[in-house]
There are 2 protein chains.
Amino acid sequence: MNKEEKILQYLDLPFQHIHNDILKGDPIAAARLISMVEDDDPTAVKILQELYPHTGKAYIIGVTGPPGTGKSTLIDGIIGYLRKEKKGIGVIAVDPSSPLSGGAILGDRIRMSSHVEDEGVFIRSMATRGNPGGLANATIEAINIIDALGKDVILVETVGVGQAEVDIVKIAHTSIVVLTPDMGDDLQMIKSGIMEMGDIFVLNKGDRDGADRVFQDLRNVLAGGGNRNGWSPSLFKTEACRGIGIQELVEGVRLHRAYLEGSGNIGVVRKRRSETEFVYLLRDALLDFVLNDMIKIGTLTRIVDDIAERKRDPYRAVREVIAGLKKRS
Amino acid sequence: MNKEEKILQYLDLPFQHIHNDILKGDPIAAARLISMVEDDDPTAVKILQELYPHTGKAYIIGVTGPPGTGKSTLIDGIIGYLRKEKKGIGVIAVDPSSPLSGGAILGDRIRMSSHVEDEGVFIRSMATRGNPGGLANATIEAINIIDALGKDVILVETVGVGQAEVDIVKIAHTSIVVLTPDMGDDLQMIKSGIMEMGDIFVLNKGDRDGADRVFQDLRNVLAGGGNRNGWSPSLFKTEACRGIGIQELVEGVRLHRAYLEGSGNIGVVRKRRSETEFVYLLRDALLDFVLNDMIKIGTLTRIVDDIAERKRDPYRAVREVIAGLKKRS
């Protein structure tokens with residue numbers, strides 16, 4: 001029986017099986033629950049809720065940066081080092097696919113292929129399927145599921161420099177930003193955008209033209225400030241596809257973790273994660289609650305039509321909805 | 001008196017001045033109001049509301065794609081063609097800077113420098129300053145402000161492939177996705193992510209190695225489906241920095257516009273924009289309303305602490321908040 005068949009099997013099992021199997025460390029059960037989360041399956045919440053007390057143990061590493069910087073290859077390398085110590089690893093690749101299509105791909109799996117067959121490594125791509133903010137929520141929940149699965153370290157890869165990164169930066173214990181020398185021209189644009197998003201910066205493809213100059217530029221930028229929880233970001237040069245610099249990077253993550261634990265800032269990270277989880281769930285639930293109400297009584301279409309025809313403005317329309325909620329009290 | 005001094009002057013003027021001056025086409029007034037929106041100035045909403053009936057006239061073009069693809073240079077070229085026809089142009093560069101720092105840059109202005117001194121072109125960078133989703137809202141409102149300013153065409157540039165793109169795709173009449181031959185390796189990953197996000201695709205830096213192959217790949221992918229409102233996406237090859245292919249691209253945008261107007265789908269786009277505006281404003285307003293309430297009565301910190309310590313789970317916490325709202329009715 002292959003993995004896909006096993007996943008299908010869960011369709012017929014009572015949901016407490018999924019819960020129990022995840023706590024026993026069964027990756028197929030975890031994969032099934034993540035799919036349920038992506039599909040907005042209402043029964044997922046019940047299982048997530050039961051799993052929640054078993055979360056909060058994994059160390060979460062965010063790996064972010066523009067497309068084409070070699071993040072997946074870098075993660076592949078990091079996994080190699082962590083697996084030598086028998087650490088259980090989870091990997092989430094956040095795939096910013098279009099909400100207009102609901103499409104999803106698993107291209108990242110290929111790049112991490114050296115670990116696909118390793119039972120100690122759980123790899124998962126996440127795709128957005130619909131509502132704005134949905135991907136952030138689903139990713140947060142996938143992290144919790146893999147956490148409950150008992151993995152020691154969870155690596156979360158996000159592509160681009162958009163909202164998804166912002167979210168993972170709030171959740172991760174250590175946030176790694178990956179750049180390449182090709183980004184030299186864009187460094188000016190990129191640096192103020194993401195310099196504050198990393199605890200650790202990596203200049204990957206360090207053998208390329210101009211790497212030394214960009215490395216120096218980055219060093220200067222980082223020296224100029226920008227830190228999270230009192231930590232001055234560190235900088236590494238790697239050639240992920242040849243395995244160069246990975247060990248130093250893994251050591252760098254360890255140093256940052258030691259700093260967080262030594263300074264007590266690990267508690268700050270924990271609360272930031274909890275607040276982000278709560279606020280994001282709340283935001284979606286509130287919108288759902290109110291929009292469903294509006295759809296039920298038929299006001300949504302009318303309001304949208306009125307706005308489209310400029311008979312009404314959206315600011316007043318929103319105020320009226322909020323006023324309606326206040327009046328209830 | 002330079003622009004910055006003029007902007008400062010508005011700090012002392014009554015707000016109806018800003019409103020009237022924007023309708024008269026004063027770019028300084030528009031810049032001031034956009035800053036107020038970014039700063040979450042509560043008086044901005046009043047002005048936005050008054051301006052709203054004067055919006056909905058501009059044609060909105062989204063330009064999205066990974067960093068380093070030459071979007072700004074391409075936009076610079078597009079502006080050149082549109083200015084020959086005396087069209088009034090607005091440009092919004094959405095800058096995905098970190099919400100952890102509140103930083104912002106205007107690097108894009110440099111790339112569009114050929115038009116910075118042109119009174120017919122209004123250029124603005126937008127940066128996120130805080131709450132998740134804030135950048136999307138601020139961008140939507142900046143579009144309305146420039147619309148009210150009387151510009152004929154508004155180009156909105158977004159970097160990366162994250163949530164901000166998703167938002168602009170919903171708002172724009174024509175959505176242009178810019179790629180480069182360097183993306184060849186990532187094409188597999190990128191294509192399913194953003195193929196459905198474009199009405200028009202541009203392979204920029206078309207003189208680079210492998211351009212023809214990637215162009216063919218893109219053509220094949222696009223032929224395989226993916227369309228918005230019944231339009232099959234078109235594909236162009238450009239060398240923006242040498243001005244090659246820009247005229248054809250501008251012609252392509254015109255064709256798409258003609259399609260939307262001819263098919264009546266322009267009305268679909270208009271409603272999609274109105275719904276997006278309303279729902280995004282509503283989402284933020286609801287969250288603000290509820291969180292402020294929770295902060296006032298001191299429950300937010302307690303809930304977050306409980307979640308961090310796993311004494312409570314965030315799903316139940318959210319349900320309790322929603323139940324509280326329902327009980328009010």
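**Exercise 1.** Find which residues L33(A) touches, leaving aside those up to four places away in sequence.

*Solution.* Start with the criterion: two residues are in contact if their C-beta atoms, placed from the backbone, lie within 7 Å. By that test, L33(A) touches I18(A), I22(A), A44(A), I47(A) and I145(A). Next, look at the nonpolar core, a set of buried Ala, Val, Leu, Ile, Met, Phe, Trp, Tyr and Cys residues joined through C-beta atoms within 7 Å; buried means that 20 or more other C-beta atoms lie within 10 Å of a residue's own. The largest such core has 165 residues, and L33(A) and L33(B) have the most contacts inside it.

A word on the model: it is predicted, with local features needing pLDDT of at least 70 and side-chain atom pairs pLDDT 80 or more, while totals for chains, interfaces and linings use all residues. Residues are numbered from 1 along each chain as its sequence is written, and chains are lettered from A and ligands numbered from 1 in the order in which they are written.

**Exercise 2.** Describe how helix 2 (residues 15-23) of chain A and helix 4 (residues 42-51) of chain A cross.

*Solution.* First take the axes, lines fitted to C-alpha atoms over the stretch in contact, with angles from 0 to 180 degrees between N-to-C directions. These axes come within 10 Å and cross at roughly 35 degrees. Then list the contacts: F15(A), I18(A), H19(A) and I22(A) in helix 2 of chain A meet T43(A), K46(A), I47(A), E50(A) and L51(A) in helix 4 of chain A.

**Exercise 3.** Identify the buried residues in helix 2 of chain B.

*Solution.* Here I18(B), H19(B) and I22(B) are buried.

Key. Buried ≥ 20, exposed ≤ 12 C-beta atoms within 10 Å, placed from the backbone. Helix = DSSP H or I, 4+ residues; strand = E, 2+ residues; numbered from the N terminus.
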